[in-house]
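Subject: Structure handover

Hello,

Here is the structure we talked about. Please open it beside this message and look up each residue as you read.

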Amino acid sequence: MHEVPANADRPPVRWWGTIVAVAVILVVSHALIFDLANAPLSGDRGLFLVIVQEVLRGGVPHEAAFDHKPPGYPMVAAAAMTAGRWIGLDDVPAARCLDAMGLVLVLLMAAGLVRRVGGPAWAGLASVAVVGSSGVLGISSVLGGEPKVPMLVMGLASLFLFSSHRPLAGGLTAGLASLFWQPGALFLLGFLSDTRSTQAALHRWTNALAGFAAPWVVVGAMYAVRGSLSRFLHDILVFNLSYVRDQLPGDHLVHHLQRLITTLSWWDLGLLI
């Protein structure tokens with residue numbers, strides 16, 4: 001009987017070359033179509049990049065300016081802008097390069113995840129084409145100021161880690177994903193991909209939750225020490241719940257939840273430290 005090579009189910013190198021080429025072509029095409037050298041910033045993207053510039057001046061997200069998303073993106077984009085200044089790149093192009101490179105990484109990770117679950121190489125290529133040609137993700141990425149891109153990078157990383165039976169690391173990366181955009185918390189459900197026996201399920205689930213909570217505990221503690229925890233909670237919870245509440249008719253659970261969090265947000269733990 002002939003042995004099957006260990007890498008027999010992996011796509012040939014030419015497939016990965018094609019996948020990388022398609023991903024890069026899609027991102028470059030978006031960049032050319034939207035004329036990034038002259039494309040204006042508008043809406044949330046402009047707000048996010050202004051917050052990043054405030055961080056570079058020594059400010060702290062949610063203190064220097066209002067932000068309805070967690071502080072993950074401003075911190076990462078600030079690093080990208082700093083690197084851009086070192087090489088003579090203006091702040092907005094530097095942020096756009098960060099998000100464009102992030103989109104390439106998202107596309108490659110999506111293809112890899114398809115292969116991870118046993119999909120054929122052509123399906124991985126199809127995932128790159130579908131996701132990369134998406135109007136929402138593609139446009140948002142190349143125009144810069146888009147927290148969803150690093151959220152997807154960390155979220156997809158968490159799915160890889162969960163499928164590798166590493167619940168603590170998977171939970172940690174899911175927590176980091178939610179620090180870029182709150183719905184990134186849904187990647188914690190990737191823990192369900194661990195189909196091993198339930199003998200140690202509670203231990204694995206505890207590890208996943210601990211990993212997820214760790215970055216939030218660190219960030220929350222930072223704002224508490226600075227005496228601005230209530231403002232942080234208002235920005236990322238109260239404002240967003242108010243927005244969702246306004247989209248729903250009548251009296252509903254979100255309305256009561258928003259009122260509860262509004263009340264609690266006035267209790268600033270920083271006063272107790």
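What follows is a list of findings, grouped by topic.

The model is predicted, so local features need pLDDT of at least 70 and side-chain atom pairs count only at pLDDT 80 or more, while totals for chains, interfaces and linings use all residues. Residues are numbered from 1 along each chain as its sequence is written, and side-chain values use heavy atoms, with hydrogens and water left out.

Helices

Helices here are DSSP runs of H or I with at least four residues, strands are runs of E with at least two, and both are numbered from the N terminus. The expected span of a helix is 1.5 Å times one less than its number of residues.

Helix H4 covers residues 91-116. Its 26 residues should span 38 Å at 1.5 Å a residue, and the end C-alpha atoms are 37 Å apart, which agrees. After H4 comes glycine 118, which has a positive phi near 100°.

Helix H9 covers residues 201-225. With 25 residues, H9 should span 36 Å at 1.5 Å a residue, and its end C-alpha atoms are 36 Å apart, which agrees. H9 has a kink of about 30° at alanine 213, shortly before proline 215. The bend at a residue is the angle between two fitted axes, one for the seven residues ending there and one for the seven starting there. Which residues of H9 are buried? They are Arg204, Ala208, Gly211, Phe212, Pro215, Val219, Gly220, Tyr223 and Ala224. Buried means under 20% relative accessible area, exposed means over 50%, and partly exposed is in between (1.4 Å probe, protein chains only). Just after H9, glycine 227 has a positive phi of about 75°.

Two histidines in loops

Histidine 62 has a phi near 75°, which is a positive value in a residue other than glycine. The loop that holds histidine 62 runs between helix H2 (43-56) and helix H3 (72-86). Is histidine 62 buried or exposed? Histidine 62 is buried, because its relative accessible area is 0%.

Histidine 165 also has a positive phi, near 65°. Histidine 165 is in the loop between helix H7 (148-163) and helix H8 (167-180). With a relative accessible area of 38%, histidine 165 is partly exposed.

Glutamate 54 is partly exposed at 26% relative accessible area, whereas arginine 57 is exposed at 60%.

Glutamate 63 is partly exposed at 22%, and arginine 226 is partly exposed at 47%.

Arginine 85 is partly exposed at 45% relative accessibility, while aspartate 91 is buried at 12%.

Aromatic rings

Rings of Phe, Tyr and Trp (its six-membered ring) pair if their centres lie within 6.5 Å; planes under 30 degrees apart count as stacked, over 60 as edge-to-face and the rest as tilted. The count comes to 4 aromatic pairs. In one of them, the rings of phenylalanine 162 and phenylalanine 191 have centres 6.2 Å apart and planes at 80°, so the pair is edge-to-face. Phenylalanine 162 is in helix H7 and phenylalanine 191 is in the loop between H8 and H9, so the pair ties together parts 29 residues apart in sequence. Both of these phenylalanines are buried. Tyrosine 223 and phenylalanine 232 form a stacked pair, 4.5 Å centre to centre with 10° between the planes. Tyrosine 223 and phenylalanine 232 are buried. Ring pairs also link Phe162, Phe191 and Trp205 into a cluster.

Regards
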